Amino acid sequence: TVVASPKTLFPKARRLTRQSRISHHNLRHIFAAERQQRPLPRICPSFTSAPRTTMKLRLLSTTVSRCGRRLATARAPSVSAAGSSSRAGESSDSRRPAASRGMHTVASSAAPSSSPLTPPNCSGRSSPPSPPGGVGRRTYLTHSQLPEEHRMIHEMCRKFADEELAPNAGEWDKKHEFPKDAVKQLAELGLMGLNVSSEHGGSELDALSYAIAMEEISRGCASVGVIMSAHNSLYLWPIDTFGSEELKEKYVAPYAQCLGDDGESLMVGCFGLSEPGNGSDAGAASTTATLSQDGTEWIINGTKAWITNAHESSAAVIFATTDKALKHKGISAFVVPFDSPGFSLGAKEDKLGIRASSTSNLIFDDVRIPRDHMIGEPGQGFKIAMQTLDGGRIGVAGQALGIASAAIDCAAKYALERQSFGKPIAQLQSIQNKISAMSVARDSARLLTWRAATIKDSKKKYTREAAMAKLAASEAATMCAHQAIQVLGGMGYVSDMPAERHYRDARITEIYEGTSEIQHLVIAGDILKEYKQS
């Protein structure tokens, strides 16, 4: 990977700052002017050059498909193996609390579960050892240690982010403009159906690939990252995992490819769980679904709030109460097409960050959908929602890592250029301490994220690990963005530099798909439960 040097990015600004004859105010305008006149060095041929665009996208989408096939082949032997596998690094004493275990990752599968709520091969924590000759275990600590397929995904997404997303992210943010062309290119690369099986038009990649892709895409533009995350994790996954074959054909296959029949329109989905009055209390859903008198339709009434992708979607996974007497056990999940009579959208929210993505209410006024549009069985909605959020938290962790990386890039490059006291501020110990702390926080959160993803790929319970990853990554993103502004000083407070956008984008990662406070409850509850059982 070619890394742009500050010397090549801003030669004029560098010469002037060396001579110490330039004010802080004028430095900002030179940086801005040189960005317009001298774009970032290309890592590979431009995606946007007309003669090469189609060929480039085809080559990269072929890369995604090939990686998916390789990963599917690698996982195949473990599916037929007898028994289930234990977590790598776990001692023979399965009663030892997980709080004292080492952080290892696995790439093996468990035996299928008979529970209708548990996806295939999704077992609990305590499992017998895997049989001899099973898939090997490996701990991945750096990108260079990843398998070839994952390195290919990383390099592809990094190039795309550098060339197509980062140069446009600031403009999309200022205009609150949905990046339609960028999302179309994501679809052509196979990233809008990343974890869906090839049978239903997806790329059939694993959770680790998803985490890696989310980080790099979000490093280029956090708004594009959340559009991709909500579509993959929150909309496609629950239907693909718990839905009937008819629902998969209608609401997964075309949405995994994301492009309409005309090649221009987008097939995007969203997820409706939160409501104006329930916040983190997902079990207090006031939206209701009742059967029609003839029993052929569900009639839905209520409002869903804070819905990402609302104005670009054509269908939603929503949760509604079908039996109030059962409280959270009376909640069911449904697929609702947006062309249903009685459905409407609220106004777009004017947000602090991730402004290029739309957020608004979904309003249901006697919306009728076919009876077979229920996902799973009646009363399974709450558990489906919680399992969906577990996977979604890996996506949000990846998004937060991308924001943290972008903030570190911004701070480090500026510190090498900015002159103070006759030398670059990168030579000052206080600046070095900040860069070091930012990198440690980001890299630690990345390891937690990769751990959660690989445990998910091993078909084990990963609720605690996903919560840890989301908590650590979101707090790392906020810290890194905050410290980046400190490194840049006044330059960090103006929109000429991306630091202030990273700061605004990072804040939401500590709120959606479970606040940091909720993550602490999930983590502590799971740890204490395990200690009680030991």
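Buried means under 20% relative accessible area. By that cut-off E530 is buried, because its relative accessible area is 12%. The structure is a predicted model.

**Salt bridges**

The structure holds 19 salt bridges. Side chains of opposite charge can pair when their charged atoms come close.

| Pair | N to O distance | Relative accessible area |
|---|---|---|
| K184 and E264 | 2.6 Å | K184 11%; E264 44% |
| K304 and E275 | 2.8 Å | K304 0%; E275 3% |
| R464 and E530 | 3.1 Å | R464 3%; E530 12% |

Take K184 and E264, joined by a salt bridge. K184 sits in helix 6, while E264 sits in the loop between helix 10 and strand 1, so the bridge ties together parts 80 residues apart in sequence. K184 is buried. E264 is partly exposed.

K304 pairs with E275. K304 belongs to strand 3 (residues 297-308), and E275 to the loop between strand 1 and strand 2 (288-291); the two are 29 residues apart. K304 counts as buried. E275 is buried as well.

R464 pairs with E530. R464 is buried.

Salt bridges also form a network, which links R158, D162, E216, R219 and D409.

**Nonpolar cores**

In soluble globular proteins, nonpolar side chains tend to be buried together. The largest nonpolar core in this model has 49 residues. L208, I394, V487 and L488 touch the most other members. Several helices each give at least two residues to this core, including helix 7 (207-220), helix 12 (429-457) and helix 14 (499-507). Helix 11 provides the largest share, 13 residues.

**Surface charge and backbone**

E199, E245, E246, E249 and D372 form a negative surface patch. E199 lies in the loop between helix 6 (180-189) and helix 7. It is exposed, because its relative accessibility is 63%.

One is H176, at about 55 degrees. H176 is in the loop between helix 5 (148-175) and helix 6, and is partly exposed at 33% relative accessibility. The other is C258, with phi near 75 degrees. C258 is in the loop between helix 10 (253-257) and strand 1 (268-272). At 0% relative accessibility, C258 is buried.

How values were computed: Residues numbered from 1 in each chain as written. Predicted model: local features only at pLDDT ≥ 70, side-chain atom pairs only at ≥ 80, totals over all residues. Heavy atoms only, no water. Core = buried A, V, L, I, M, F, W, Y, C linked by side-chain atoms within 4.5 Å. Buried < 20%, exposed > 50% of the residue type's maximum accessible area, 1.4 Å probe, protein only. Helix = DSSP H or I, 4+ residues; strand = E, 2+ residues; numbered from the N terminus. Patch = residues over 30% accessible without salt bridge, like charges linked within 9 Å, V, L, I, M, F, W, Y side chains within 5 Å. Areas by Shrake-Rupley, 256 points an atom, 1.4 Å probe, with all protein chains shown as cover. Salt bridge = Lys/Arg side-chain N within 4 Å of Asp/Glu carboxyl O. Lys, Arg positive; Asp, Glu negative; His and termini not counted. Charge placed at Lys NZ, Arg CZ, Asp CG, Glu CD.
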